[in-house]
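Thanks for letting me take a few minutes today. Please keep the structure open on your screens while I walk through it, and stop me if I go too quickly.

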Amino acid sequence: MKALFSSILLLAAAALQGVVAKSAGCGKSPLTSGTKSMTVNGKNRQYILRVPSNYDSNKAYKLIFGYHWMGGTMNNVAPDYYGLRPLAQESAIFVAPQGIDNGWANNGGEDITFTDRMLETIQNGLCVDETQIFATGFSYGGGMSYSIACSRANVFRAVAVIAGAQLSGCSGGNTPIAYLGIHGVADNVLNISMGRSLRDKFLSLNGCAAKNAPEPSSNSGTHIKTEYSCNPGYPVWWIAHSGGHTGDPRDSGSSTSFAPGETWSFFTEAIYSGTGGPGSTGTTMTTMTTMATVTTSKPATTTQPTSGCASKWGQCGGQGWTGPTCCESGSTCTYSNPWYSQCL
């Protein structure tokens, strides 16, 4: 146990200084891209693995997990992994896991165990920089990424939670981790207050200084980014936009979302802030840019219900939930886990 703890401390120190820590798979005949299967707790689980086309078994790569939203699948994420794969330009290994019943209830921690098993397999079969492991996801996938931040902060370097909430539990939650939150002020599925509470947890854990984080008014066509001043290597960014429940908020006049670029910048530069590592600037700032109202088919957006009940796909129950507990006509409040019930 003492040896394991020492190893974790050394890995954390290496991560803060930008030192590469190669996995056991370096130099071996590599795993190949494609859909993979494994048995976890007696259940068949699947994920899509994307290995760089120019893969070099002696070079350590970033490893990025992309968790799908409620009702989505690994196939929805795998083409571009929330827009990160084009930005990576073959510098990262990507994983798109498949949730049980297309969600991340994480009952009994089974989805964390699934993540552990994927990590073990990939680290043994590919050359991974163990200081550069990340997770991101939208909605339920954001909740799963938050759960990882709580329970595996000693393994993952940073997470990016897009329109998320505490939907998949938070076992542990006492260790700092670099945290990016993106949320819409008009989100009528997972209210922005839920996103703020996730952010605030890591503001405290990461030793961040108190700072006003302005947010745009609903449908104002803007988004505001706040970078907090935190302990070196543990930044917290908060981006509030004027749109609703969407995984790809966009600036006005732009056909692409700002979220991938911000996430990639966070994963590759912001995590070194104040550490002296690559990309370190030690600066904080708040920025505002223009944003257009989003209409997109993937991930889906939602509309405000006409009654006092939650709209389809909206939350309708769970521990600590104070919103509507009924659903609009045509959908039923369905239990997912102790923290979350949803109109389906």
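Let me begin with residues 1–10, where the pLDDT stays under 50 and for which the model has one contact beyond four places in sequence. Over residues 279–306 the pLDDT is also below 50, but here the stretch has 86 contacts in the model beyond near neighbours in sequence. Please remember that this is a predicted model, and that for the chain as a whole the mean pLDDT is 85, with 79% of its residues reaching 70 or more.

Now to the strands. Strand β1, residues 34–40, and strand β2, residues 43–50, pair in the antiparallel sense over seven bridges, and together they form a hairpin that has two residues between the strands. Asn41, which sits in that turn, has a positive phi of about 55°, while Val40 has Lys43 in β2 as its bridge partner. β2 is also joined by four bridges to strand β4, residues 92–97, and these two run antiparallel; here Ile48 has Ala96 in β4 as its bridge partner.

Finally, the helices: how do α5 and α6 lie relative to each other? The axes of α5, residues 140–151, and α6, residues 192–205, come within 12 Å and cross at roughly 20°, and because angles under 35 degrees count as roughly parallel, the two helices are described as roughly parallel to each other. α5 passes α6 in a left-handed crossing. On the α5 side Tyr146, Ala149 and Cys150 meet Leu198, Lys201 and Phe202 of α6, and the residues of this contact divide into five nonpolar, no polar and one charged.

How values were computed: Residues are numbered from 1 along each chain as its sequence is written. This is a predicted model: local features need pLDDT of at least 70, side-chain atom pairs count only at pLDDT 80 or more; totals for chains, interfaces and linings use all residues. Side-chain values use heavy atoms; hydrogens and water are left out. Axes are lines fitted to C-alpha atoms, for helices over the stretch in contact, and angles run from 0 to 180 degrees between N-to-C directions. Angles under 35 degrees count as roughly parallel, over 145 as roughly antiparallel, 65 to 115 as roughly perpendicular and the rest as oblique. A crossing is left-handed if the near helix is turned anticlockwise from the far one by less than a right angle, and right-handed if clockwise. Contact means heavy atoms within 4.5 Å. Ala, Val, Leu, Ile, Met, Phe, Trp, Tyr, Cys and Pro count as nonpolar, Asp, Glu, Lys and Arg as charged, and the others, Gly among them, as polar. pLDDT is the predictor's confidence in each residue, from 0 to 100. Two strands pair if DSSP finds at least two bridges between them.
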